[in-house]
Amino acid sequence: MKKKYSWIIGIVIVLGIILIYVNVNNQKTSTIPCDWVYKTNEDYFNLINANLGSDEDGNEVIAIIPGGMLKDKLENGYIHEIRGCSKTLGWVKPANVAFLNKTVQEWLQEDVACTDEMQNKLNQLRIQKCGSLNFDIFEECSTIPTTTGEYECSFSGAPGPEIKTPTKCTYNMTREESNHISSCEGHKYSIDMVIDRNPFTELYFCQVGGIVEINEVIRNNQLDTECEKII
């Protein structure tokens, strides 16, 4: 199970770095992954965090989730976390980062349920399209053409070399169908789960190496000189 959780954490981190480029106010910008070194008002080490934003009506909503999936405890009570940052946003606007009353373990348990739910949806769709799951290869083709007018297809369940004449089912997948099988009801979160909208008492963006190097900077009281102080 630990290996499965590690795989999920890795996927979440990658997706988080990719998604963080989205400005919570719907502005386009470019970001890079940064080493955040921080302290918070309370002990939130076991909790996830999120980026807050606004919907079209101006209501506060959770824009990007989850953050805080993979953190390290540093010396002198500091926490290390890799998150996205952007100078064009005045660095990531840390005031938009809030902690929620959901633990990392709870989120990971929900992830397992979500994975199972989405696989079941995919299986049901394939049975609908192909009549059964008894195929060696499934070829999914988009119904939306690319800019060159082509229709992209993806393969799954590629057979091993021992299968000389694999069976294959090719089917089209609409955008609605794709959205349906890639969503799940397992993750429950809302703006009401926010417990701290301004959690940081100190925040630095560091580019000095790994955990060992950051701890050395902390021991030498060099955070103000070796890292960029945000708060």
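A salt bridge here is a side-chain nitrogen of Lys or Arg within 4 Å of a carboxyl oxygen of Asp or Glu. Keep that in mind for the first stops. Before clicking, note that this is a predicted model, where local features need pLDDT of at least 70 and side-chain atom pairs count only at pLDDT 80 or more, while totals for chains, interfaces and linings use all residues. Residues are numbered from 1 along each chain as its sequence is written, and side-chain values use heavy atoms, with hydrogens and water left out.

**Stop 1: charged pairs**

Select Arg197 and Glu60, and show their side chains. They meet in a salt bridge, 2.9 Å from N to O. Arg197 sits in the loop between β10 (194-196) and β11 (200-206) and Glu60 in strand β3 (residues 60-67), so the pair ties together parts that are 137 residues apart in sequence. Those element names come from DSSP runs, numbered from the N terminus: helices are H or I with at least four residues, strands are E with at least two. Arg197 is partly exposed at 37% relative accessible area, and Glu60 is partly exposed at 36%. The scale is this: buried means under 20% relative accessible area, exposed over 50%, and partly exposed in between, with a 1.4 Å probe and protein chains only.

Next, select Arg219 and Glu75. Their side chains also form a salt bridge, at 2.6 Å from N to O. Arg219 belongs to helix α4 (residues 211-219) and Glu75 to the loop between β4 (71-73) and β5 (79-85), so this pair ties together parts 144 residues apart in sequence. Arg219 is partly exposed, with a relative accessible area of 46%, and Glu75 is partly exposed with 29%.

Now pick Lys168 and Glu139. The closest N and O atoms of this salt bridge are 3.4 Å apart. Lys168 is in strand β9 (residues 168-173) and Glu139 in strand β7 (residues 137-142), 29 residues apart.

**Stop 2: the open sheet**

Switch to cartoon and colour β4, β5, β1, β11 and β12. These five strands form an open sheet in the order β4-β5-β1-β11-β12, with antiparallel pairing. Two strands pair if DSSP finds at least two bridges between them. The edge strands are β4 and β12 (228-229), each pairing on one side only. Zoom in on β11 and β12, which pair in the antiparallel sense over two bridges. Phe205 has Glu228, in β12, as its bridge partner. Contact means heavy atoms within 4.5 Å.

**Stop 3: the β2-β3 hairpin**

Colour β2 and β3. They run antiparallel and are joined by five bridges; Gly53, for one, has Val61 in β3 as its bridge partner. The two strands form a hairpin with five residues between them, and Gly58 in the turn has a positive phi of about 85°.

**Stop 4**

Centre on Leu100. Beyond four places in sequence, the residues it touches include Ile48, Ile62, Ile65, Met193 and Ile195. Then move to Ile62, in strand β3 and buried at 16% relative accessible area. Its contacts beyond four places include Ala50, Leu52, Leu100, Tyr189 and Ile191.

**Last stop: zoom out**

Show the whole chain. It has five helices and 12 strands, and 38% of its 231 residues count as buried.
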